[in-house]
Amino acid sequence: MKSSAVPEYSDIQINPSLKNWASLLTTVELDHAQLQQLRTSARQRLVESAVDFVRRLNALADDADLNTGTQPMLSGNPSEQPLVMTGHQPVVFHSGLTFKYETTEAFASQNNAIGIAVVIDTDQGDAGQFSYPAIPDNTEPGELSDAFPAAELQIDSIAESLGLYGHGRLKSAPEIAQISDTLCQRLEELSMTTAVTNVREALLQFGQLSAVRASVMQANLITRWQHGIGSRLLEIPLSSLASFPEMLTLTSDILKQPRRFASAYNAALEMYRDENNIRNAANPFPNLKVTDDTCELPFWVISHNRKTRHALEVQLDGNVTRLLANGRVVDTFAGNITPDALEPMLLQNIQIVPRGALITAFLRLLFSDLFVHGTGGGRYDRFTDEFVRTWWNIEPPPFAVASASRYLFPELRSELARLEHIQSQLRDLQYNPQRYLNDSIFTADLQQRLNVLCQEKQDLVDQMKRRHSAGESAQDIGRQIQTLTNQIRDDVSAEFERPLQKLNRLTPEQRDAINCRTYPWFMFR
């Protein structure tokens, strides 16, 4: 099971076409006086804060004896230059995310734009998790000689535990070194020498960062910068943006009218599902829950001290508004809710942070001139567009989609897909091979035999029709046709018998190892 020397990107999706992105890239002026005023100040604050965040990460990289690079960052003056944004959780990137960041960076550079990636550190999960292929310890040696070796999809992590991405801790340097040794041994068993070299280098850097007490989030950003993945983009965590006064203003405006907002949001979701024939009520997001006493809003309440997050609910009692998280009162407001009124929570290390579609709604309204999504974000932001139009009554700044895949075993994946197609079409191949004679499915020898046999069969069919038209018996011709039909079936079956036996021996885990598109960036050069 050998990997390609340089697996290329495939399944490339860029929408609209990259040559048309420049036509979308203008410095947006919102037709909304308050939002435009907020946008002007927010963009300047964003660039300054992102530069400071990158500077602090570079200092951490220096502490770990890692090179911070010499290429200039894609910074600038947001009042004079357009601003291109993208973003993702601070996890171990796979090829789809790598491609999105590379494409965003290259486009921003070529168009004299500021490029910024938002680190969604307010989501939760295992920020250090990655997939890899490995031959199980109990595998019989004979299995390794098959066309599809018995490698299965495995998972490991360089993080200590699950939780909020912004608070995840790295395993110790010795633990990461052990992971590196084990992983490289597994890859060597598969003759993946290039991947072994890449893994050793990257995990050594993760170990150096662990030694200076970097978080998983920080380590993921720094190590991919070391290898040129988004290394010129400015970056900033969403938790930092959530404390911007402009973000607090948008948040407080929603908190002033929670039921109206929830009703409009749910109505827009229902309309979106109806227009796109979506029957799953959780797609693209579940409706906000509204009861007689409370209504849910698309925000998280994050306690950085407790390292927890819960969905925000609002309870109205006359002119009193209570913010609830997990059934507990977080804060109470009498009368109008202003941005300043939300600041005491920040002093307690508690934040109200947008979630779901509201994240990119805020980012696009306040900051970006063009936002670059992957395929998932591209699907749900069509809903975001419609909601921005209905709630804020303005046209949202544009977005684009960039995604691609890279596979460790592209040749094996192609062969697996070929055999799966053959298996699904086997009966038709056996009884109607003439439909596939020009599709390169059969070997040259079998193709030659089938050309002859199919022509003989067709000649006999024509003879049978003539006899029937003349009212004559054609039983002898029918027997000859059946003999040829059986011969064709047996020849086709013999052609694919051994490959399909190997295919049928594959477990779901082995198929996953071949088809996986989420192997980490550090397995590729």
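Author: The side chains of Arg43 and Asp369 meet in a salt bridge, at 3.1 Å from N to O. The term denotes a side-chain nitrogen of Lys or Arg within 4 Å of a carboxyl oxygen of Asp or Glu. This pair links distant parts of the chain, with Arg43 in helix 2 and Asp369 in the loop between helix 11 and strand 14, 326 residues apart. Helices (H or I, at least four residues) and strands (E, at least two) are DSSP runs, numbered from the N terminus. The model is predicted: local features need pLDDT of at least 70, side-chain atom pairs count only at pLDDT 80 or more, and totals for chains, interfaces and linings use all residues. Residues are numbered from 1 along each chain as its sequence is written, and side-chain values use heavy atoms, with hydrogens and water left out.

Reader: Are Arg43 and Asp369 buried or exposed?

Author: Buried means under 20% relative accessible area, exposed over 50%, and partly exposed in between (1.4 Å probe, protein chains only). Arg43 is buried at 5%, and Asp369 is buried at 0%.

Reader: How many salt bridges does the structure hold, and which residue pairs with Asp123?

Author: Side chains of opposite charge can pair when their charged atoms come close. The structure holds 24 salt bridges. One of them joins Asp123 to Arg309, with the closest N and O atoms 3.1 Å apart. Asp123 lies in the loop between strand 3 and strand 4, and Arg309 in strand 10, so the pair ties together parts that are 186 residues apart in sequence. Both Asp123 and Arg309 are buried. Salt bridges with shared partners also join Arg39, Arg43 and Asp369 into one network.

Reader: Which residue forms a salt bridge with Asp52?

Author: Asp52 pairs with Arg55, the closest N and O atoms being 3.7 Å apart. The two are three residues apart in helix 2, and therefore separated by about one helical turn. Asp52 is partly exposed at 33%, whereas Arg55 is exposed at 51%.

Reader: How many disulfides does the structure hold?

Author: A disulfide is a covalent bond between the sulfur atoms of two cysteines. The criterion here is a pair of cysteine sulfur atoms within 2.5 Å. The structure holds zero disulfides. Cys184 is in none, and the nearest cysteine sulfur, that of Cys516, is 18 Å away. Cys184 is buried at 0% relative accessibility, and Cys516 is buried at 6%.

Reader: Why is helix 6 described as largely enclosed?

Author: Helix 6 spans residues 216-226, and nine of its 11 residues are buried, so the rest of the structure largely encloses it. Among the buried residues are Val216, Leu221 and Trp225. The buried residues pack against helix 2, helix 3, strand 3, helix 5 and strand 8. Just after helix 6, Gly228 takes a positive phi of about 80°.

Reader: What is the volume of the largest pocket, and which element gives the most to its lining?

Author: Rolling a probe the size of a water molecule over the atoms shows where empty space is left. The largest pocket has a volume of about 490 Å³. Of the 25 residues that line it, the closest to its centre are His88, Gln89, Lys100, Gly377 and Tyr380. Helix 12 gives the most to this lining, with four residues. On a 1 Å grid over the protein atoms alone, a cavity is a set of points where a 1.4 Å probe fits but cannot get out, while a pocket is an open set with protein on both sides within 12 Å along at least five of seven lines; lining residues have an atom within 4 Å of a point. Grid points are joined across faces, edges and corners, and a volume is the space filled by probe spheres set on the points.

Technical notes. Contact means heavy atoms within 4.5 Å.
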